[in-house]
Amino acid sequence: MVTMETLVSLCKRRGFVFQSSEIYGGTGSCWDYGPLGVELKNKIKRVWWRDFVQQRSDMVGLDASILMHPTVWKASGHVDHFTDPMVDCLECHHRFRADQLDELDWVHYCPATKGNKFTIPAGEACTHCQSRRTLCPDCGKGQLTPPRQFNLMFKTFMGPVEEDAAVTYLRPETAQGIFVNFENVLQSMRRKLPFGIGQIGKAFRNEITPGNFIFRTREFEQMEIEYFVNPHDTVEGRPADEYWHDRWIEDCRAWFLRYGVEAEHLRLHEHDRAELAHYSKRTADLQYRFPIGWSELMGIANRTDFDLKQHAKWSGKALTYFDEERKEHVVPYVVEPSAGVDRALLAFLADAYREEEVRGEKRVVLRFHPELAPVSVAVLPLLKKRDDIVRTALALRDELSRHWTAVYDDTAAIGRLYRRQDEVGTPYCVTVDVQTVGGSDRGEVADGKVTIRDRDSMEQIRVEASRLVAVFGDLLSGKSWADVAAGVGRA
Ligand code: GAP
């Protein structure tokens with residue numbers, strides 16, 4: 001498995017992710033997506049939206065505002081419950097989440113070895129003096145304060161006056177924007193249960209211990225669905241909410257597999273009672289084997305009728321659905337598949353990373369699914385000194401870029417250009433050469449064909465330039481390289 005350091009370094013070097021405000025020394029745990037990172041991120045969001053919103057007749061979309069009425073957060077429970085226990089070291093003043101202390105390696109000055117310094121693995125005792133950690137895990141010297149509850153919401157003020165009446169919050173999840181619009185969507189779109197509302201947007205949490213690159217940050221993006229079901233319905237003999245919860249777990253798992261995550265890098269983690277959020281009947285996390293170990297990629301929760309009932313209570317508006325058959329008003333139950341865009345990106349990146357040996361040389365390749373790759377096609381001239389080759393290559397790039405992300409590069413020899421595209425995961429390169437354009441003064445006959453190179457097999461096929469859009473139409477919508485190559489003949 002690739003290390004986080006390798007990914008961070010690749011991301012910076014190749015324009016995926018940069019430290020935020022780097023020229024000022026950086027902002028803790030904030031990251032900027034560079035030219036390739038933003039393409040990758042946009043493509044993840046685009047396929048998610050297409051697969052879960054656009055293509056499903058039981059789904060609609062929403063884009064709610066980040067700033068909401070402050071009572072939303074009282075009703076949702078975030079003002080009172082969205083807290084983590086925090087402790088501080090009295091010596092080095094580092095801050096920790098009290099519930100995560102035992103997951104950290106700890107520094108120990110061992111009395112049984114004349115005070116020698118050791119770093120002891122998380123949760124283990126010192127093998128010399130058998131003692132366990134009681135002091136600060138980072139400096140090994142300071143006492144820790146008793147835990148204090150720390151609310152993770154970012155406070156801000158609406159309007160020019162910074163007074164209590166103007167306090168509001170940056171949303172810590174996109175979900176609440178969906179709940180408060182339930183009635184609007186129900187009425188305007190005339191939906192029948194079950195149906196879902198999908199939303200992609202930024203969320204903010206003042207995490208005590210952010211870190212691990214883009215895994216845990218204070219500003220991140222979520223792709224969330226609130227799927228409303230009638231709790232009195234049964235599907236295949238089971239309560240509708242339980243049936244749909246399992247269906248969504250399976251659909252989410254299948255989605256990550258479809259876009260290239262290895263099955264053995266995904267597993268399900270059921271929350272036990274202690275872990276369950278205050279609103280949840282059951283929550284299952286999809287965990288991914290990140291470079292930092294198995295961790296949450298997304299959660300799929302059964303939020304019951306908690307949120308709609310809370311908002312009905314605090315707003316005084318009835319948030320119910322009228323069941324025509326039973327002639328009764330019901331408060332729907334909600335199944336919530338909630339994924340982080342940044343974590344999904346990190347998982348796709350880690351899973352795509354390969355180091356291979358090709359003819360005695362190391363090749364780094366990101367084997368992204370073709371629909372996710374930041375660059376779909378790179379057009380490369382074999383000889384950058386030949387104007388006709390360069391002109392043809394630039395024109396092809398322009399044509400392809402009307403359909404996909406296409407780039408032109410002539411800054412190195414062809415072998416090196418291929419390696420550069422491999423390293424950023426470009427699935428296909430098109431090379432324009434002497435044969436493509438010919439040259440009457442040199443007696444070269446043009447065949448009008450270009451070479452397409454496949455990133456994964458490194459095989460090449462020769463195709464008429466005029467057919468490129470059709471060929472990439474096949475390749476980039478799921479047709480296999482083998483099938484396309486069989487159709488046109490290998491170069
Ligand atoms: N509405 C439910 C909800 O927000 P969550 O488990 O707190 O549930 C859902 O968050 C997903 O959002 C997580 O599985 C993760 O992918 C992403 N996420 C949460 N906190 C994050 C953070 N600080 N940085 C990056 N992603 C985060």
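Where is the place of Ser21, in terms of the strands around it? The loop between strand 1 (17-19) and strand 2 (31-33) holds Ser21, with strands (E, at least two residues) and helices (H or I, at least four) taken as DSSP runs and numbered from the N terminus. This is a predicted model, so to speak of local features takes a pLDDT of at least 70, side-chain atom pairs count only at pLDDT 80 or more, and totals for chains, interfaces and linings use all residues. Residues are numbered from 1 along each chain as its sequence is written, and side-chain values use heavy atoms, with hydrogens and water left out.

On the overall picture, the protein has 14 helices and 27 strands, and its C-alpha atoms fill a box of roughly 85 × 80 × 55 Å along the principal axes. Of its 491 residues, 48% are buried; buried means under 20% relative accessible area, exposed means over 50%, and partly exposed is in between (1.4 Å probe, protein chains only). The protein exposes about 23500 Å², with carbon and sulfur atoms supplying 49% of that; these areas come from the Shrake-Rupley method with a 1.4 Å probe, and for residues only the protein chains shown count as cover. Contact here means heavy atoms within 4.5 Å. Among contacts between residues at least 6 apart in sequence, 64% join residues at least 24 apart.

Next come the cores. In soluble globular proteins, nonpolar side chains tend to be buried together. A nonpolar core is taken as a set of buried Ala, Val, Leu, Ile, Met, Phe, Trp, Tyr and Cys residues joined through side-chain atoms within 4.5 Å. The largest one has 62 residues, and Phe16, Ile44, Trp248, Trp255, Phe256 and Phe348 touch the most other members. Helix 9 (residues 341-352) gives the most to this core, with nine residues. Leaving out residues up to four places away in sequence, Trp255 touches Ile44, Val47, Trp48, Asp51, Phe52 and Phe348. Apart from this core lies another, of 24 residues, including Leu400, Val432, Leu468 and Val471.

The ligand has 19 residues around it, and Glu173, Arg205, Thr217, Glu224 and Glu296 come nearest; a residue is near when one of its heavy atoms lies within 4 Å. By class, the shell has five nonpolar, five polar and nine charged residues, where Ala, Val, Leu, Ile, Met, Phe, Trp, Tyr, Cys and Pro count as nonpolar, Asp, Glu, Lys and Arg as charged, and the others, Gly among them, as polar. Strand 12 (219-229), strand 17 (293-304) and strand 20 (333-340) each supply at least two shell residues, and strand 17 gives the most, with five.

Polar contacts are pairs of N or O atoms within 3.5 Å; within protein, one must be able to donate a hydrogen and the other to accept it, and residues adjacent in sequence count only if both atoms are side-chain atoms. An oxygen atom of the ligand is 2.5 Å from an N or O atom in the side chain of Glu296, while a ligand nitrogen is 2.8 Å from one in the side chain of Glu207. Taken alone, the ligand exposes 560 Å², and the protein buries 90% of that.

Thr217 sits in the loop between strand 11 (195-204) and strand 12, and it counts as buried because its relative accessibility is 5%. Its side chain reaches the backbone oxygen of Glu219 at 3.0 Å. Outside four places in sequence, Thr217 touches Ser29, Trp31, Arg205, Glu207 and Pro210.

Asp105, in the loop between strand 5 (95-97) and strand 6 (106-110), is at 47% relative accessibility and therefore counts as partly exposed. Beyond its neighbours within four places, Asp105 is in contact with Thr119, Ile120, Pro121, Ala122 and Pro137. A polar atom of the Asp105 side chain lies 3.0 Å from the backbone nitrogen of Ala122. The C-alpha atoms of Asp105 and Thr119, 14 residues apart along the chain, are separated by 6.6 Å.

Most residues other than glycine have a negative phi, and most peptide bonds are trans. Ser21 has a positive phi, near 50°, and is partly exposed, with a relative accessible area of 34%. Thr304, in strand 17, also has phi near 50°, but counts as buried at 13% relative accessibility. A cis peptide bond joins Leu193 and Pro194, with omega about 0°; Pro194 is in the loop between helix 6 (182-189) and strand 11.
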